[in-house]
Structures are given as C-alpha cells and as structure tokens.
Amino acid sequence: GALEYWAEQAGCAELSFDKGSQFARVWTYSVIYALVMTIGITVPFRWCSRDKVAIKIHDEPDDPEEGLDPATPHTVKTTNTSKTYKTYNVEASSDPTPNLEEARKHLVHTSATQNHKWMSPLCTPTYRLSEVGGTGTELYFRTLRNMAFIFAYMAGITGPLVAFCWLGNFGPDTGQFLLKTTIGNLGEYADADIIDPIERVVRLGCEGMPLKDLTGIFGWLDFSAVLVFLVYLIWARFWQIPRMAETDDLEQVTPKDYAVVIESLPAQIPDQAQYEQKLTEHLLERLRYTRGRRPSLWELPEPTVEEVVLVRDYKGRLHELTERAQLEINVGIAEAYAKGQPSKKVDKLKKQLEKLEEKLGAKLDGEEFLPVVRAYVILSNTEDVQNLLFDYRFAKYKLFRCCQFRARRFEGTPIRVTRAPQPTDI
C-alpha cells in the first residue's frame with residue numbers, strides 16, 4: 001500500500017511512526033528561527049532608539065522696517081550641541097518673472113534638510129519626521145515600521161508550517177520555488193488509487209506522522225499569528241493614534257485652540273446687515289452665563305469675542321472669482337515669457353478672462369445681505385472655548401437641538417457649536 005510506497009521512496013524498510021527525532025529537529029530549528037526573527041529585530045531597535053531631543057530657536061529682534069533678512073543665520077541648540085544654519089523667509093511674490101535664486105531658497109526652506117544636508121532615510125528618528133511633514137507623516141512611517149515588526153513576528157510564529165511544507169512533495173513540481181512553501185505541498189504524494197489524499201502522512205527520512213495530527217497544531221499557529229496582527233491594530237487604533245493626536249495638540253498652540261464653528265445658523269434674520277454684531281452679543285451672553293455655572297480656578301478677564309467670520313452663500317460666484325484671479329496670474333506669466341512679442345497663448349488667455357468678467361458682470365447684493373451658512377468665532381482664551389462647547393454639548397444631535405432652550409437659540413433658531421478645525425483643514 002501507500003506505506004510501502006513511501007518507505008521505498010525513502011530507501012527504508014518501513015516508516016516508523018513511533019520515533020520522532022527528525023520531527024523534533026524540525027521543531028527545534030523552527031523555534032530557533034522564530035527567536036532569531038523576534039530578538040534579531042527587537043533588541044537592536046530598542047538599543048538604537050533615542051529619546052526625543054528638544055530644539056529651541058532663539059528669538060532674534062527683527063528690523064521693523066526691513067523685516068527678516070532671508071539669509072540671516074539662526075542659532076539652533078539641542079541638548080548636546082549648538083549649531084548654526086541658515087533659514088530663509090520666502091514670501092509669495094506677485095512678480096510672475098521666474099527667479100532661479102528664490103527658487104533655490106524655496107527648495108532649501110521647504111525640503112527635509114538639516115544644516116543644509118538631506119536627512120538620512122535610515123538614521124533619522126521618526127519623531128523628526130513630524131518636524132518635516134507634521135504628525136501625520138510621522139504616524140505613517142511609524143506604522144510602516146511597526147507593520148514590518150508585526151509581519152516578522154507572524155513569520156516567526158508560522159515558521160514550522162513553512163518548514164514542513166518545504167519538506168513535503170504533495171504539490172506538483174512546476175519548478176517554482178515558492179510553491180514548495182505553500183500548504184498545498186504539505187505531506188507525501190501518492191496516487192489516489194493507493195490512498196485517500198486526506199489520509200496521507202508527513203515523512204521526514206524514515207519517520208512519519210499522520211497529516212491530521214499536525215494540521216491542528218498548524219491551525220493554532222495561524223490563529224496566534226492573526227491574533228498578534230489584530231492586537232496591533234486594536235492598539236494602534238485605540239491607543240497610539242489618539243495619544244499622538246493628543247500630544248500634538250498639547251505641544252502646539254494653534255488658532256484651533258481658541259476657535260469654534262457655529263452651524264445651523266439662520267440664513268436670514270430681520271436685521272441682516274447687523275448679523276455679525278447680533279451673533280457676537282448672543283455669544284457674550286452665553287459666555288457670561290457659563291462662567292457663572294462653571295467658576296474658574298483663576299481670575300479671568302471680561303469675556304470677549306475677538307473675531308467673527310461669517311461664511312456666506314455667494315451663489316456659486318466664489319469659484320468664478322477664484323478662477324478669475326488664477327487667470328490674471330496666468331496672463332502675467334504668459335506675457336513675461338512672450339517678452340513683449342505677439343503671442344497666441346496670451347491672446348487666448350485674455351479672451352477667456354474677458355468672457356469670465358462678462359459673466360461676473362451681474363452684481364450680487366452687498367456682502368452684508370448675503371445668506372449666512374456658518375460662522376467661525378475666535379475667543380480670547382481657551383477656557384471660554386471649553387465653556388461654550390460644554391454649554392452646547394447636546395446640540396450635536398438633531399433631536400436635542402429641537403428641544404434646545406430659547407436662551408441658547410440664536411434669533412429663535414437652534415444652533416450647533418463645535419470645535420473649529422485647523423485653518424489648513426477648512
């Protein structure tokens with residue numbers, strides 16, 4: 001039968017199912033491989049990991065008339081040394097003429113350079129990436145690195161399965177190297193007329209073991225590898241990402257810390273021209289009320305609304321105004337390249353600009369009379385922001401807005417107050 005056929009293939013009198021020295025050797029090598037994969041990448045990483053080094057740029061008084069000199073060196077000090085390098089204050093210019101020198105300054109100013117040298121992709125710590133591209137860039141490369149660790153750990157856990165598959169011959173010989181490492185090559189081949197393929201054995205030399213005795217172990221190894229991956233995903237989603245976002249928010253003072261966005265505002269009110277003033281008065285009233293309900297631990301100045309920016313409905317004209325501004329820039333660039341000579345490109349752009357200006361000829365109502373969509377409000381301190389958000393904490397739900405108290409409504413309309421996004425996200 002099949003046992004005699006496999007023994008003949010191995011050059012043995014018979015297969016032994018009692019001894020397990022060959023199987024123990026494979027398991028031992030697999031464990032050593034897993035330890036090497038795990039320790040070999042974890043220990044060097046922990047040894048080479050460095051703590052975050054703070055960088056402080058010393059303030060230097062600028063000339064109030066001339067401003068910051070683009071070539072002025074600034075001293076940058078770390079905890080270990082002090083270095084001097086040049087930074088450039090590159091400002092947008094309305095002059096469309098190409099300027100190679102300013103382009104080079106802009107390249108140095110915006111590139112991932114340190115001391116006028118490119119940062120190494122291998123030796124640069126991940127926290128430095130946030131200084132180049134923000135927290136999102138740092139988080140992206142941290143995730144790539146962590147995924148490499150996780151896949152290495154998973155390879156170590158499932159190493160025995162790959163080893164036993166490699167030693168099998170059940171899969172057809174197609175000359176492909178990777179085919180021998182797949183589960184389709186697990187076990188010894190025999191014609192279906194001799195034995196049912198499900199009943200085949202795994203043979204190592206003159207020793208054998210029923211396949212069904214090993215598949216259960218391999219199933220648990222696969223489960224363990226997938227479990228490691230899932231644990232990492234849960235850790236990243238519910239701990240790493242929120243912690244990095246919170247740390248980034250605490251380390252940086254941005255307009256977001258002092259701003260709120262107000263939505264669900266009435267588009268029109270009886271005194272539309274005084275919309276901004278009315279909204280400011282309403283917010284001041286709510287701030288005084290919340291301060292009385294939530295006393296501060298320290299003395300605060302009188303609540304003030306520093307700025308209110310109303311987002312109005314321009315009925316689609318805002319896009320056309322932006323397009324006209326871009327066309328004017330393109331015309332200037334084309335004329336600079338033409339150097340006063342006739343140019344078909346310049347004529348074409350000017351015709352497009354004329355058509356767009358004719359389209360914009362119909363005047364809109366005065367800006368103060370346009371419908372309001374939402375408002376961005378900047379307050380004087382962060383505690384007032386927290387108080388206002390607390391006062392309107394239930395307004396995020398439409399059902400609760402229907403039951404909003406009259407005192408919280410603006411001109412009889414229930415409103416929603418949330419934290420404003422960063423200016424670059426608007």
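Guide: Start with Cys402. Its relative accessible area is 54%, so Cys402 counts as exposed. The terms are these: buried is under 20% relative accessible area, exposed is over 50%, and partly exposed is in between, with a 1.4 Å probe and protein chains only.

Visitor: What kind of model is this?

Guide: This is a predicted model, where local features need pLDDT of at least 70, side-chain atom pairs count only at pLDDT 80 or more, and totals for chains, interfaces and linings use all residues. Residues are numbered from 1 along each chain as its sequence is written, and side-chain values use heavy atoms, with hydrogens and water left out.

Visitor: How do you know that Cys402 is in no disulfide?

Guide: A disulfide needs a pair of cysteine sulfur atoms within 2.5 Å. The nearest cysteine sulfur to Cys402 is that of Cys403, 6.3 Å away. For Cys403 the nearest cysteine sulfur is that of Cys402, and Cys403 is in no disulfide. Cys403 has a relative accessible area of 59%, so it is exposed.

Visitor: What makes Cys12 and Cys206 a disulfide?

Guide: Their sulfur atoms are 1.6 Å apart. That is within the 2.5 Å limit, so the pair qualifies. A search of the whole structure finds one disulfide. The angle about the S-S bond is -70°, and the link is left-handed.

Visitor: Why is this pair said to tie together parts 194 residues apart in sequence?

Guide: Because Cys12 lies in the loop between helix 1 and helix 2, while Cys206 lies in the loop between strand 6 and strand 7. Helices (H or I, at least four residues) and strands (E, at least two) are DSSP runs, numbered from the N terminus.

Visitor: Is Cys12 buried or exposed?

Guide: Cys12 has 13% relative accessibility, so it counts as buried. Cys206 has 34%, so it is partly exposed.

Visitor: Why is the pair of Phe23 and Phe164 called stacked?

Guide: Rings of Phe, Tyr and Trp (its six-membered ring) pair if their centres lie within 6.5 Å; planes under 30 degrees apart count as stacked, over 60 as edge-to-face and the rest as tilted. Phe23 and Phe164 are 5.9 Å centre to centre, with 25° between the planes. Phe23 lies in helix 2 and Phe164 in helix 6, so the pair ties together parts 141 residues apart in sequence. Phe23 and Phe164 are buried. Phe23, Trp27, Phe164 and Phe218 form one aromatic cluster. The count comes to 15 aromatic pairs.

Visitor: How do you know that the buried residues of helix 9 are on the same side?

Guide: The buried residues are Arg317, Glu320, Leu327, Val331, Ala334 and Ala338. They cover an arc of only 85° around the axis, so they share a side of helix 9. The arc is that of the directions from the helix axis to the C-beta atoms. On the other side of helix 9, Thr322 and Tyr337 are exposed. Helix 10 is included in what covers the buried residues of helix 9.

Visitor: What makes Gln404 buried?

Guide: Its relative accessibility is 10%, so Gln404 counts as buried. Gln404 sits in the loop between helix 12 and strand 11. Leaving aside neighbours within four places in sequence, its contacts (heavy atoms within 4.5 Å) include Tyr392, Ala395 and Arg409.
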